[in-house]
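Student: Please take a close look at one part of this model, the interface between the chains. How is it built?

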Protein chains: 2
Amino acid sequence: MIYLDNAASTPVHQEVIDEMIPYFKEQYGNPSSIHKFGRAASVAIQNARKRIADLLSADSKEIFLTSGGTESNNTAVYGIALQKKGKHIITSSIEHDAILEPCKYLERQGYRISYLPVDKHGLVNVEDVKKEISRDTCLVTIMFANNEVGTIQSIREIAEAAHKNNVVFHTDAVQAIGKVPINVKELDIDLLSISSHKINGPKGVGALYVRKGTVVSPLILGGGQENGLRSGTENVASIVGFGMACKIAKENMNQNTIHFKNLTSKLITRVLSEIPKTSLNGHPEKRIPSNTHFTFLGVNGEDLIIKLDENKIAASTGSACSVRIQKASHVLKAMGFSHEQITGSLRLTVGITNTDKEMDETVDVLRKVVQELRAVSPYKEKYSF
Amino acid sequence: MIYLDNAASTPVHQEVIDEMIPYFKEQYGNPSSIHKFGRAASVAIQNARKRIADLLSADSKEIFLTSGGTESNNTAVYGIALQKKGKHIITSSIEHDAILEPCKYLERQGYRISYLPVDKHGLVNVEDVKKEISRDTCLVTIMFANNEVGTIQSIREIAEAAHKNNVVFHTDAVQAIGKVPINVKELDIDLLSISSHKINGPKGVGALYVRKGTVVSPLILGGGQENGLRSGTENVASIVGFGMACKIAKENMNQNTIHFKNLTSKLITRVLSEIPKTSLNGHPEKRIPSNTHFTFLGVNGEDLIIKLDENKIAASTGSACSVRIQKASHVLKAMGFSHEQITGSLRLTVGITNTDKEMDETVDVLRKVVQELRAVSPYKEKYSF
């Protein structure tokens with residue numbers, strides 16, 4: 001199989017697994033216990049926290065461990081809302097559901113939410129952020145890079161606009177982390193969500209960066225772990241694995257970027273030149289290097305996925321998380337795509353294990369299956385396939 | 001080291017680790033993806049869900065996966081409160097903080113919470129539940145077995161009292177699961193929380209059993225996983241491990257119970273007969289077989305833990321989760337213990353890896369260190385040690 005769904009999840013590094021194993025069988029203590037087993041677990045978490053912080057150029061004390069990107073995003077939105085410093089939140093119309101759904105919940109509780117539009121490339125206009133900020137705004141949350149089309153937002157400018165008005169700025173960096181350098185200090189970010197399993201770490205663990213001085217209310221209450229922000233016995237093995245994944249991501253950032261760019265450049269160039277009536281979606285330059293997202297006119301994306309799967313290629317129409325509800329992509333809708341354009345879309349996201357040869361094989365298969373599907377397409381006449 | 005803190009956390013079975021590994025490196029798909037990798041992950045989760053359900057005599061569809069016992073408890077409390085069918089909750093004064101803290105939060109939001117008293121053995125009086133139920137009661141939540149002293153509550157009777165008044169009944173079974181048989185149908189339970197790492201599974205995963213027909217609002221929103229009750233990419237490897245841990249727990253329940261009883265009987269008999277001015281806390285019969293909890297008068301429990309640790313024995317004063325705040329046990333307080341009795345307490349909880357020989361070694365060490373500590377105790381004169 002050729003795995004081209006790295007935006008949905010990634011294989012775990014062997015080094016990460018090796019780091020995790022001892023925390024299952026030998027160092028299985030509860031980090032809150034004061035005996036030797038507990039202390040070993042506690043030290044392991046602190047080391048991992050340092051590695052996670054390093055990837056973001058943050059301080060260890062600013063890293064709060066969670067069960068993943070979704071919980072981090074929920075904690076950010078609710079955690080600021082619960083501070084009761086205003087009842088208005090600014091976000092974008094192309095956020096992940098882990099931001100949009102908490103916002104909709106708050107909307108039902110009487111909050112006002114501004115869902116900013118995006119241009120045809122999926123880019124938020126910083127002027128729109130500035131215009132929307134009011135005295136009642138408590139949070140601006142705009143994703144770092146989009147999970148479907150890979151577009152990278154003007155994070156520093158948006159943060160600046162928020163801070164000029166003393167508003168907290170959060171960014172969902174689940175898709176960006178490990179793909180582009182992120183320095184929370186330079187970018188002036190208050191809150192940032194990341195997830196382990198998107199960077200070759202285990203699933204079920206993530207983090208919320210909380211800038212020193214920013215106060216966030218907890219979502220999950222209990223024993224008071226994570227300095228009170230996130231209760232529950234720490235997921236030691238996974239946290240250790242996440243730490244190792246961050247260390248590797250930092251060390252390999254440059255070479256990975258080159259690798260990803262080489263792969264996606266080939267994919268994009270060959271697909272656009274060899275398959276007619278096809279377009280690349282998202283921003284032409286401001287995009288994460290591992291993402292490609294195409295529209296093949298006259299083709300049903302889901303049929304395409306199934307055909308590719310039969311040909312041993314794992315791909316996606318967009319966000320894995322919205323598959324179960326079979327709704328049309330809200331991201332592409334916000335970008336002004338027609339129903340037909342949305343239906344014909346395909347996301348191919350590369351990762352560390354992919355090879356140049358796989359890209360060639362993928363384009364060869366794609367060309368063939370797109371042709372097959374277009375031969376029976378209801379749009380056959382329209383486009384004279 | 002002799003590990004006697006199995007109520008805090010347990011070593012992961014080798015069979016569990018073996019089941020998990022493939023889901024890190026090979027079957028790393030996102031269960032929401034429709035390609036082969038995604039489908040394999042989805043099937044793995046369904047199989048695990050079945051195994052978890054089997055341990056509780058529940059249906060697979062009634063098992064909702066979470067990040068652990070704390071999240072399960074929070075989801076139960078908030079999830080019922082958010083249904084807005086009443087603003088009164090009945091709980092006990094000896095619950096884990098993962099129940100008490102969400103209750104206190106709701107109290108600050110205007111809910112009325114009844115914290116039922118317990119007797120000197122830590123037992124809730126079912127009559128108290130009946131008396132407290134009002135037309136405004138939306139939830140009764142009483143733990144199955146206490147995490148400090150191991151006392152098992154009259155769960156079926158409490159459930160019955162709740163249901164007679166059409167009130168939802170939840171129980172935190174984190175400490176009971178795998179130690180005593182739990183049949184949610186026979187016990188007439190609506191909601192039940194369990195955690196993987198207390199039964200030799202990995203940390204960072206748990207479940208909330210939700211009886212068919214009971215409606216619970218979600219705590220974490222996003223992609224709509226777990227039938228909308230718990231969003232976030234499923235923690236596939238850990239869920240698979242949890243499933244295997246449940247399977248083993250079910251298969252070995254009888255032999256484990258005998259093993260635990262043999263170990264704790266020896267501990268209790270020898271400690272009480274060989275160390276003067278010592279008592280066993282919790283209910284003499286209604287207790288989980290793996291728990292022992294003692295008070296050694298005139299001894300500081302924390303000093304005792306440190307001494308034991310130096311002698312290669314891992315023990316605990318009570319709940320691992322409350323160590324960081326150094327507060328006196330609310331459980332022992334509710335049981336009517338004096339400050340001195342609380343201070344002198346020690347919890348020794350056995351697990352599958354402990355041996356009879358370890359119990360003898362532990363008592364030998366305990367006798368010695370208790371004597372040492374009493375020799376310098378401020379209570380030396382009082383008790384004529």
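**The interface of chain A and chain B**

Tutor: Chain A puts 61 residues into the contact, and chain B puts in 61 residues. Keep in mind that this is a predicted model. The area buried between chain A and chain B is about 5400 Å². Carbon and sulfur atoms give 63% of that area.

Now the polar side. Between chain A and chain B, 26 residue pairs are in polar contact, with both residues at pLDDT 80 or more. Two salt bridges cross the interface of chain A and chain B. One of them joins the side chains of Arg39(A) and Asp309(B), at 2.8 Å from N to O.

Next, the elements. On the side of chain A that touches chain B, these helices of chain A each give two or more residues: H1 (14–20), H2 (22–25), H3 (36–56), H4 (69–81), H5 (97–108) and H10 (301–310). H5(A) supplies the largest share, five residues. Sorted by class, this side of chain A holds 28 nonpolar, 21 polar and 12 charged residues.

Last, the symmetry. Chain A superposes on chain B by a rotation of 180° with 0.0 Å of shift along the axis, at an RMSD of 0.0 Å. That is the relation of a two-fold axis. The same surface serves both copies, as 100% of the contact residues of chain A recur in chain B. Where does chain A come closest to the rotation axis? At Ser67(A), whose C-alpha lies 3.1 Å from the axis.

Notes. Residues numbered from 1 in each chain as written. Chains lettered and ligands numbered in written order. Predicted model: local features only at pLDDT ≥ 70, side-chain atom pairs only at ≥ 80, totals over all residues. Heavy atoms only, no water. Contact = heavy atoms within 4.5 Å. Buried area = accessible area lost by both parts, 1.4 Å probe. Salt bridge = Lys/Arg side-chain N within 4 Å of Asp/Glu carboxyl O. Polar contact = N/O pair within 3.5 Å; in protein donor to acceptor, adjacent residues only side chain to side chain. Helix = DSSP H or I, 4+ residues; strand = E, 2+ residues; numbered from the N terminus. Nonpolar A, V, L, I, M, F, W, Y, C, P; charged D, E, K, R; others polar. Least-squares fit on C-alpha atoms with pLDDT ≥ 70 in both.
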